[in-house]
Amino acid sequence: MKTIGTNGKNGSTRASEVFASAELLELESEPAAARLNGNSVSGLSLHIDPETLSNQRIENAVRDILLSVGEDPERDGLRNTPLRVRKMYREVLSGYTTDPVALINGALFDVDYSELVLVRDIELQSLCEHHLLPFLGRAHVAYLPDRKVLGLSKIPRIVDMFSKRLQVQERLTAQIADFLEETLRPRGVAVVIEAAHLCATMRGVKKADARMVTRTLRGEFQTDAELRRELMAHLSRPATQELF
């Protein structure tokens with residue numbers, strides 16, 4: 001994860017050169033309610049009780065799957081698999097149980113700064129809701145402050161909150177932007193995600209090198225072409241460039 005201000009130097013962590021042409025891949029924003037299937041704009045109405053992810057039904061379902069593929073759930077290697085899967089889902093779907101108020105935890109600050117704030121190369125892991133297979137990648141999140149800035153660690157935590165749910169990449173991109181808009185009321189927000197999807201790698205078309213890029217721009221990022229060029233210039237700088 002690297003942080004960049006307008007007058008700062010670029011981080012050395014990987015950012016794919018594909019972002020240099022990401023102008024071609026902007027998501028046309030739908031109304032938030034339609035985009036989130038009737039949930040709140042930030043998707044926070046999806047918050048559930050943590051005990052839901054500890055339910056015995058998950059173990060029973062895994063046992064049924066093992067039986068359905070002809071396996072013996074009582075053999076040594078599988079005996080504790082239903083329990084392990086239940087614990088795994090509690091971890092990888094923890095975004096459903098994250099309290100957004102506790103996540104922000106008062107980390108909104110009044111700062112006399114109005115230029116680009118960019119946190120790039122935020123690693124993310126999520127589960128595709130179509131096949132329950134992972135997709136893995138990086139998110140780049142930028143905003144233009146309007147008298148309020150957010151503590152640095154909170155932006156990766158926001159990415160985690162929404163990625164640790166059953167997702168599609170398009171919705172994930174929009175939800176991160178929606179949440180930042182609601183929380184900061186900035187002059188602009190930009191979110192770019194590049195990810196590899198195992199549902200396209202290990203099944204289906206089986207294209208190991210395919211990557212999906214999604215992008216959403218809000219406010220001045222949508223209206224100011226020069227600002228978009230500055231953002232893309234930061235994201236397309238080579239991974240070998242040193243920070244200092």
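Reader: Hello! Is Lys-206 buried or exposed?

Author: Welcome! Please keep in mind that this is a predicted model. Residues count as exposed when their relative accessible area is over 50%. Lys-206 has a relative accessible area of 56%, so Lys-206 is exposed.

Reader: Where is Lys-206 found, and what is its phi?

Author: Lys-206 sits in the loop between α7 (198-201) and β8. Most residues other than glycine have a negative phi. Lys-206 is a residue other than glycine, yet its phi is positive, near 55°.

Reader: Which loop holds Leu-132, and is Leu-132 buried or partly exposed?

Author: Leu-132 is not a glycine, but it has a positive phi of about 55°. Its place is in the loop between β3 (117-128) and β4 (134-144). With 42% relative accessibility, Leu-132 counts as partly exposed.

Reader: How many salt bridges does the structure hold?

Author: Here a salt bridge needs a side-chain nitrogen of Lys or Arg within 4 Å of a carboxyl oxygen of Asp or Glu. One of them pairs Glu-74 with Arg-63. The number of salt bridges in the structure is 13.

Reader: How many residues apart in sequence are the parts tied together by Glu-74 and Arg-63?

Author: These two form a salt bridge whose closest N and O atoms are 2.7 Å apart. Glu-74 belongs to the loop between α2 (56-68) and α3 (81-92), while Arg-63 belongs to helix α2, so the parts they tie together are separated in sequence by 11 residues.

Reader: Which elements hold Arg-218 and Glu-181?

Author: The side chains of Arg-218 and Glu-181 meet in a salt bridge, at 2.7 Å from N to O. The pair ties together parts that are 37 residues apart in sequence, because Arg-218 lies in strand β8 (residues 212-219) and Glu-181 in helix α6 (residues 169-184).

Reader: Is Arg-218 buried or exposed?

Author: The cut-off for buried is under 20% relative accessible area. Glu-181, at 29% relative accessibility, counts as partly exposed. Arg-218 has a relative accessible area of 8%, so Arg-218 is buried.

Reader: Which helix holds both Arg-229 and Glu-226?

Author: Their side chains meet in a salt bridge, with 3.0 Å from N to O. Arg-229 counts as partly exposed at 48% relative accessibility, and Glu-226 is partly exposed with a relative accessible area of 49%. The two are three residues apart, about one turn of the helix, and both lie in α9 (residues 225-236).

Reader: Which residue has a side-chain oxygen that reaches toward Glu-226 at the start of α9?

Author: At the start of α9, the backbone nitrogen of Glu-226 has a side-chain oxygen within 3.0 Å. That oxygen belongs to Asp-224.

Reader: What distance does α9 reach from its first C-alpha to its last?

Author: α9 has 12 residues. At 1.5 Å a residue, the expected span is 16 Å. The helix comes close to that, reaching 16 Å.

Reader: Within what arc do the buried residues of α9 fall?

Author: The buried residues of α9 are Leu-227, Arg-228, Leu-231, Met-232, His-234 and Leu-235. They line one face of the helix, because, seen down the axis of α9, they fall within an arc of 155°.

Notes. Residues numbered from 1 in each chain as written. Predicted model: local features only at pLDDT ≥ 70, side-chain atom pairs only at ≥ 80, totals over all residues. Heavy atoms only, no water. Helix = DSSP H or I, 4+ residues; strand = E, 2+ residues; numbered from the N terminus. Buried < 20%, exposed > 50% of the residue type's maximum accessible area, 1.4 Å probe, protein only. Expected span 1.5 Å × (residues − 1). Arc of directions from axis to C-beta. Polar contact = N/O pair within 3.5 Å; in protein donor to acceptor, adjacent residues only side chain to side chain.
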